[in-house]
Amino acid sequence: PEKFGRNVNTCKVFYSFILDAKKKVVEPEKERKKKGGLELFLLYMTPWRNPNSIFVYLLLLLYCLGKYSEAQSAASGAL
């Protein structure tokens with residue numbers, strides 16, 4: 001019986017330690033600097049920060065190649 005009581009006390013200490021570890025102290029957030037339009041655009045268009053920006057670059061490249069192809073065909077008179 002004494003051994004059982006000792007384990008219960010050990011468990012209480014252990015569980016209170018776990019509960020204390022899970023509690024997070026909420027500190028007041030500092031004022032965040034709001035990002036401007038250009039800074040947000042650069043953040044979006046940086047591939048290592050936003051991998052989806054690669055699709056924007058792909059569409060831009062296809063658009064430019066299409067315009068170049070149209071210009072070449074118009075210059076050769078193959079309309």
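User: How many salt bridges does a search of the whole structure find?

Analyst: One. This is a predicted model, where local features need pLDDT of at least 70, side-chain atom pairs count only at pLDDT 80 or more, and totals for chains, interfaces and linings use all residues. Residues are numbered from 1 along each chain as its sequence is written, and side-chain values use heavy atoms, with hydrogens and water left out.

User: What makes Lys67 and Glu70 a salt bridge?

Analyst: The closest N and O atoms are 4.0 Å apart. The term requires a side-chain nitrogen of Lys or Arg within 4 Å of a carboxyl oxygen of Asp or Glu, so the pair qualifies.

User: Where do Lys67 and Glu70 sit in helix α3?

Analyst: They are three residues apart in α3 (residues 53–76), separated by about one helical turn. Helices are DSSP runs of H or I, at least four residues, numbered from the N terminus.

User: Why is Lys67 called partly exposed?

Analyst: Its relative accessibility is 41%. Buried means under 20% relative accessible area, exposed over 50%, partly exposed in between (1.4 Å probe, protein chains only). Glu70, at 48%, is therefore partly exposed too.

User: Is Ser53 buried or exposed?

Analyst: Buried, because its relative accessible area is 0%. Ser53 lies in helix α3. Leaving aside neighbours within four places in sequence, Ser53 is in contact (heavy atoms within 4.5 Å) with Tyr44, Met45, Thr46 and Pro47.

User: Where is confidence highest and lowest?

Analyst: By pLDDT (the predictor's confidence in each residue, from 0 to 100), α3 is highest, at a mean of 94, and helix α1 (residues 2–22) lowest, at 57.

Definitions and conventions
Helix = DSSP H or I, 4+ residues; strand = E, 2+ residues; numbered from the N terminus.
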